Amino acid sequence: MEKFEKLSGIAAPMPMINIDTDMIIPKQFLKTIKRSGLGVNLFDEMRYDDDGKEIPDFVLNKPQYRETQILIAGDNFGCGSSREHAPWAIKDFGIRCVIAPSFADIFYNNCFKNGILPIALPQEQVDILMKEAEKGANARVEVDLEAQTVSTSDGEVFAFEVDAFKKHCLLEGLDDIGLTMEKAASIDAFEAKATQARPWV
Amino acid sequence: MSPKTLYDKIWDAHVAHEADDGTCLLYIDRHLVHEVTSPQAFEGLRMTNRTVRAPDKTIAVPDHNVPTTLDRANAATMTEDSRIQVEALDKNAKDFGIHYYPVSDVRQGIVHIVGPEQGWTLPGMTVVCGDSHTATHGAFGALAHGIGTSEVEHVLATQTLIQRKGKNMKVEITGKLRPGVTAKDITLSVIGVTGTAGGTGYVIEYCGEAIRDLSMEGRMTVCNMAIEGGARAGLIAPDEKTFEYCMGRPHAPKGAQWEAALAWWKTLYSDDDAHWDKVVTLKGEDIAPVVTWGTSPEDVLPITANVPSASDFTGGKVDAAQRSLDYMGLTPGTPLSEVEIDTVFIGSCTNGRIEDLRAAAAILKGKKVKDGIRAMIVPGSGLVRAQAEEEGLADIFKEAGFEWRLAGCSMCLAMNPDQLSPGERCAATSNRNFEGRQGRGGRTHLMSPAMAAAAAITGKLTDVREMM
Ligand code: SF4
């Protein structure tokens with residue numbers, strides 16, 4: 001997995017609550033058997049009209065947001081399905097960090113498996129970042145995972161929380177299957193004990 | 001010993017390893033797999049020369065994009081990319097030696113219907129699937145939740161999941177339900193109260209008289225939508241109804257093993273003085289038959305209410321409500337019972353079981369679908385379909401003017417050809433009314449099977465109580 005340490009980039013404002021996984025990547029794009037190539041269909045139904053032409057008003061279609069690396073959004077981002085195609089599409093577009101007041105659990109978890117950092121901040125701080133993001137390419141937002149901070153170009157700094165294990169994996173770009181396999185002895189021991197206790201499983 | 005919730009008990013019985021920081025490896029008893037979220041996971045195994053650690057605990061079935069038309073054996077009814085996904089699952093199931101119900105098998109159906117039906121889902125188990133509605137299996141008192149594809153790969157390779165424990169939330173529905181009110185109305189009403197993020201970070205246990213009174217199928221409907229309330233998992237403590245449902249199922253234990261299982265299952269309940277991080281209580285008698293009006297499952301109102309206006313809300317919900325109203329093409333103040341529909345979809349893992357079909361048939365018997373309405377019933381599995389035919393329900397549906405389909409997810413997420421056109425308004429028994437969920441521009445109103453059947457007859461959202 002790709003490491004995430006620091007990021008300084010353009011942030012795009014999406015001031016909507018409940019942005020769901022069907023909006024992030026509609027189901028017609030789930031028919032792929034690959035993880036890559038979904039970026040062009042990120043937010044497909046908001047981004048393109050019925051003829052497949054770009055809708056100029058949609059934030060990521062605006063010239064100043066084409067290189068967006070950070071998304072600032074409303075409450076409950078990523079609600080809906082477990083489809084990992086949602087973070088795959090976000091990553092493939094070039095976005096490495098999503099900042100919102102809250103996230104849906106499965107989506108939040110899926111981000112970390114794909115080198116994306118989801119950051120939950122209080123509404124007031126998200127509001128400030130939203131304003132900052134509205135300045136487009138004139139304002140770069142900085143994210144430092146090691147220090148656990150988000151900074152605006154005006155020098156405002158917000159601290160965020162992140163699970164220590166998830167942070168470690170993201171900083172080092174670790175593959176968690178490999179990490180778990182190092183604990184195979186514990187799994188073997190558990191399995192033997194569980195099979196005795198619950199042989200019907 | 002300190003008192004525990006049901007969630008605590010199942011969790012404690014499955015921790016295979018705990019790190020100092022509280023990160024756990026949770027052992028997984030059942031892993032359900034379908035064609036859409038698994039190909040990349042199997043590809044990952046191949047690329048790293050890993051195998052499936054416990055193929056006997058892994059069950060696969062194609063459901064999301066299989067056609068449900070009677071001619072589906074004809075490969076031409078499937079789009080190229082759908083066919084590739086189903087073929088990939090065929091191959092992966094064979095190569096890795098996991099249990100498999102191919103499209104041609106009468107037991108094929110929606111993964112969350114097949115699991116319980118075949119006795120794979122049992123009380124006290126940990127169950128995962130690359131699908132958020134895995135919460136359904138919580139109806140058995142199993143800790144069941146959806147996972148992403150990376151986690152599918154992780155479970156395939158290690159039979160464990162990296163997890164931190166969630167918080168405990170109790171949702172109690174006291175007393176009795178009124179006539180015409182169903183499990184679907186309970187689960188939608190709970191989301192109406194908690195909001196779609198109210199359960200984030202929690203495992204919900206549903207309890208109270210109205211929950212105990214539900215059949216196993218009704219309980220599955222309730223738990224199915226725990227995820228719409230933000231909770232990864234919903235639970236209901238197992239009881240005699242649960243045990244009776246499980247007994248004799250193909251993969252349920254038998255003989256002495258059954259007795260041993262039963263003895264453990266009977267310990268699976270929340271202790272009286274267990275700690276809850278959050279409690280929500282609803283009175284059963286206060287719950288009405290409901291429908292959704294917007295594009296979030298929390299946009300729930302009794303069928304007797306009017307379409308709200310954006311100014312009824314506060315905060316970020318004002319804009320969201322306005323966006324929903326525009327998308328749904330609804331005018332504030334209109335009685336919901338005057339909203340005309342184009343299509344009726346009865347099916348999905350929320351409401352595609354035999355009791356759901358019986359409830360719909362009870363309303364439809366001897367009646368006709370209103371002229372011009374497209375109406376389809378998609379049973380949740382081949383066995384549900386067969387039983388509905390045996391009970392004569394299929395004839396009632398066909399005589400009423402419904403299409404009678406083969407099993408699959410169908411118009412719940414419209415990955416197969418069953419889709420809404422832009423602006424088409426649908427009364428649906430599925431679980432999500434998101435923009436574009438049932439087809440680009442399609443408008444979805446969620447409700448119970450009986451309510452959907454009533455809507456098919458009148459051509460409008462309808463209070464089923466007027467037909468009972
Ligand atoms: S029926 Fe709908 S919600 Fe259920 S598994 Fe299929 S697509 Fe998902």
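Biologist: How far apart do the C-alpha centres of domain 1 of chain B and domain 2 of chain B lie?
Modeller: They lie 25 Å apart. Domain bounds here come from an automatic or database domain assignment. This is a predicted model, where local features need pLDDT of at least 70 and side-chain atom pairs count only at pLDDT 80 or more, while totals for chains, interfaces and linings use all residues. Residues are numbered from 1 along each chain as its sequence is written, chains are lettered from A and ligands numbered from 1 in written order, and side-chain values use heavy atoms, leaving out hydrogens and water.

Biologist: Which domains does the assignment give chain B?
Modeller: Domain 1 (6-165), domain 2 (167-238 + 270-286) and domain 3 (290-466).

Biologist: How many residues of domain 1 of chain B are in contact with domain 2 of chain B?
Modeller: 24 residues of domain 1 of chain B touch 21 residues of domain 2 of chain B. Contact means heavy atoms within 4.5 Å.

Biologist: And what area do those two bury between them?
Modeller: About 1,800 Å², with 60% of it on carbon and sulfur atoms. Buried area is the accessible area (1.4 Å probe) that two parts lose on being put together, summed over both. On the domain 1 side of chain B, Leu6(B), Tyr7(B) and Ala139(B) lose the most area to domain 2 of chain B, together 31% of what that side buries.

Biologist: Switching to helices. At what angle do α2(B) and α3(B) pack?
Modeller: About 45°, with axes 10 Å apart, for α2 (residues 39-47) and α3 (residues 80-96) of chain B. So α2(B) is oblique to α3(B). Angles under 35 degrees count as roughly parallel, over 145 as roughly antiparallel, 65 to 115 as roughly perpendicular and the rest as oblique. Axes are lines fitted to C-alpha atoms, for helices over the stretch in contact, and angles run from 0 to 180 degrees between N-to-C directions. Helices are DSSP runs (H or I, at least four residues), numbered from the N terminus.

Biologist: Which residues of α2(B) meet α3(B)?
Modeller: Pro39(B), Phe42(B), Leu45(B) and Arg46(B). Their partners in α3(B) include Gln85(B) and Phe96(B).

Biologist: How do α2(B) and α5(B) cross?
Modeller: At roughly 50°, their axes coming within 8 Å; α5 of chain B covers residues 149-158. That makes α2(B) oblique to α5(B).

Biologist: Which residues of α5(B) meet α2(B)?
Modeller: Thr149(B), Val152(B), Glu153(B), Leu156(B) and Ala157(B). Among their partners in α2(B) are Phe42(B) and Leu45(B).

Biologist: What about α8(B) and α13(B), at what angle do they pack?
Modeller: About 100°, with axes 8 Å apart. They are therefore roughly perpendicular to each other. Glu217(B), Gly218(B) and Thr221(B) in α8(B) meet Ile354(B), Glu355(B) and Asp356(B) in α13(B).

Definitions and conventions. Helices (H or I, at least four residues) and strands (E, at least two) are DSSP runs, numbered from the N terminus.
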